[in-house]
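Thanks for coming. I will take a few minutes to go through one structure, for those who have not seen it before.

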Amino acid sequence: MRVGVIGLGYLGVTHAVAMASLGHEVVGIEASAERLGKLKEGELPFFEPGLAAGLADAIAAGNLSFAAAASAADDCDLYFLCVGTPQLSGSNAADTSFVFAAGEALAKVIDEETVVVGKSTVPVGTAASLRKKMSEIAGFDVKIAWNPEFLREGTALEDSLKPDRIVIGAWHQESVDALRNCYEKIIATGTPVIETDVATSELVKVAANAFLATKISFINAMAEVAEVAGADAVSLAEAIGYDERIGKKFLRTGVGFGGGCLPKDIRGFVARAEELGVGQAVSFLRDVDAINLRRRERVIELANEQLGDLEGRRVLVLGLAFKPDSDDMRDSPALDVALGLASAGALVTVHDPVALEALGDNHPQLERARDLDSAFAGQELVVLATEWQQYRELSPQAVASKVAARTIIDARNVLDVPDWQAAGWKVIALGRNVHN
Ligand code: UDX
């Protein structure tokens, strides 16, 4: 099929490469000339394991090309809308203006046979408004469907090619057929397909992210209780996780969730439910958000307790990305903690295996450490904020001789505590009562 992918951010690039690898002839459509230029050269504008190789393969195989606007690629059978829906500034709601701008431009160049598929995460009801708007411009009933994407950063391409399920929300049978055709190879491997109405397909994505966020905040709420009750939230998570109805996944207690999806999606969900007059139904998500943000404050509080006063004290923060194998710092707990420590007066050094480049010249108050070994020199406190493999593998003995004081806050609960203690470290672990 000839497939257009509009918006080449995280989702769009991954989807374009995935579609090309399925054998489709893909045109990636992106308004930013800088981004487009990089992609044409096979260069990824962000870090994602395995994706650069996939991009190079697709370009070399000749089934991925690029265009600056849909008008320059008006002959596709199927267009995927993959533009961003960030949080509106000064509000909790999602900004759908990029979806409408892309849809309106597309409406001018498509014909009645063309199928337009939204993949962006949108407030429920967006697709219906978009259908109306695009149909007015096109002069016919535009075939719009919604097909949410569940990819995780770090495993984006694999998640796209081997999804747990494919959700298709559609008004027209032709859209369902086109999508089934497009995903034929994936469906043939046994991937379940859920055909549903468009509103449900829009809701599925936010509901899934709200559930995941709730699970993380649940265990982090238990961590708050554990900290004052002398209990251990890591053992607790393990114990409840053996119950198959609960499950172990997404019960890792620590400094909480961040990234471009979970935080903004739960906020957007609350805002949309309020507009629909059912705000009370999801008001618990405000607590989910609050619990999550409190964990960040807790790390700063613990640092303060350890050092007495943060003013002028040297703190090393390990990790900036919101999770390992990513350079994404959107709503990152690690970056937030580093900035919080700095604004409390600490002299903060930050290290991250990949995100320092994306940090650029932002936040000059954070001293950058390019080299992990030398980053420890003279530090009075270390905070492990993103669980990169490099940090899990640190030798407590080797770094002990470099620091000014052997105190570490494990904000992701990944260190072998007895091992670190044996090397003379005082270990403070979130949600745990470690006896030092
Ligand atoms: C998420 C969803 O998982 C994905 O399906 C959706 O398409 C986009 O949003 P992503 O943002 O890539 O994906 O990250 P995810 O792996 O879900 O992790 C989100 C955050 O939760 C990270 O900051 C991670 O560190 C944190 N987390 C995750 C925990 O704190 N504890 C856990 O047990 C799991």
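This is a predicted model: local features need pLDDT of at least 70, side-chain atom pairs count only at pLDDT 80 or more; totals for chains, interfaces and linings use all residues.

Residues are numbered from 1 along each chain as its sequence is written, and side-chain values use heavy atoms, with hydrogens and water left out.

Let me begin with strand β6, residues 143–146. Helices (H or I, at least four residues) and strands (E, at least two) are DSSP runs, numbered from the N terminus. In a regular strand the side chains alternate between the two faces of the sheet. Here K143 and A145 point one way, I144 and W146 point the other way, and all are buried. Buried means under 20% relative accessible area, exposed means over 50%, and partly exposed is in between, with a 1.4 Å probe and protein chains only.

What lies on either side of β6? Strand β5, residues 115–118, runs parallel to β6 and is joined to it by four bridges; V116 stands opposite I144. Two strands pair if DSSP finds at least two bridges between them. Strand β7, residues 166–170, runs antiparallel to β6, with two bridges, and G169 in β7 is the bridge partner of W146. β5, helix α5 (residues 126–138) and β6 also make a right-handed β-α-β unit. Right-handed means that, with the strands pointing away from the viewer, the path from the first strand over the helix to the second runs clockwise.

Now the other sheet. It is open, has six strands in the order β11-β10-β9-β12-β13-β14, and its pairing is parallel. The edge strands, each pairing on one side only, are β11 (367–368) and β14 (426–429). Strand β9 (residues 314–318) and strand β10 (residues 347–351) are joined by five bridges.

Is L318 buried or exposed? Its relative accessibility is 0%, so L318 counts as buried. Its bridge partner in β10 is H351. L318 touches H351 and also, among others, L372, F376 and Y391, not counting residues up to four places away in sequence. Contact means heavy atoms within 4.5 Å.

Next, helix α13, residues 333–343. Nine of its 11 residues are buried, so α13 is largely enclosed by the rest of the structure. Those buried residues pack against α12 (284–307), β9, β10, α14 (355–359) and β12 (381–384). At the N-terminal end, S332 caps α13, with a side-chain oxygen 3.2 Å from the backbone nitrogen of A334. After α13 comes G345, whose phi is positive, near 105°.

Last, the ligand. Of the 20 residues around the ligand, F150, L151, E153, R252 and K323 come nearest; being near means having a heavy atom within 4 Å. Helix α9, residues 198–229, gives the most to this shell, with four residues. An oxygen atom of the ligand is 2.8 Å from a polar backbone atom of R252, and a ligand oxygen is also 2.8 Å from an N or O atom in the side chain of K323. The protein covers 94% of the 670 Å² of accessible area that the ligand has on its own; these areas come from the Shrake-Rupley method with a 1.4 Å probe.

Terms used: A polar contact is a pair of N or O atoms within 3.5 Å; within protein, one must be able to donate a hydrogen and the other to accept it, and residues adjacent in sequence count only if both atoms are side-chain atoms.
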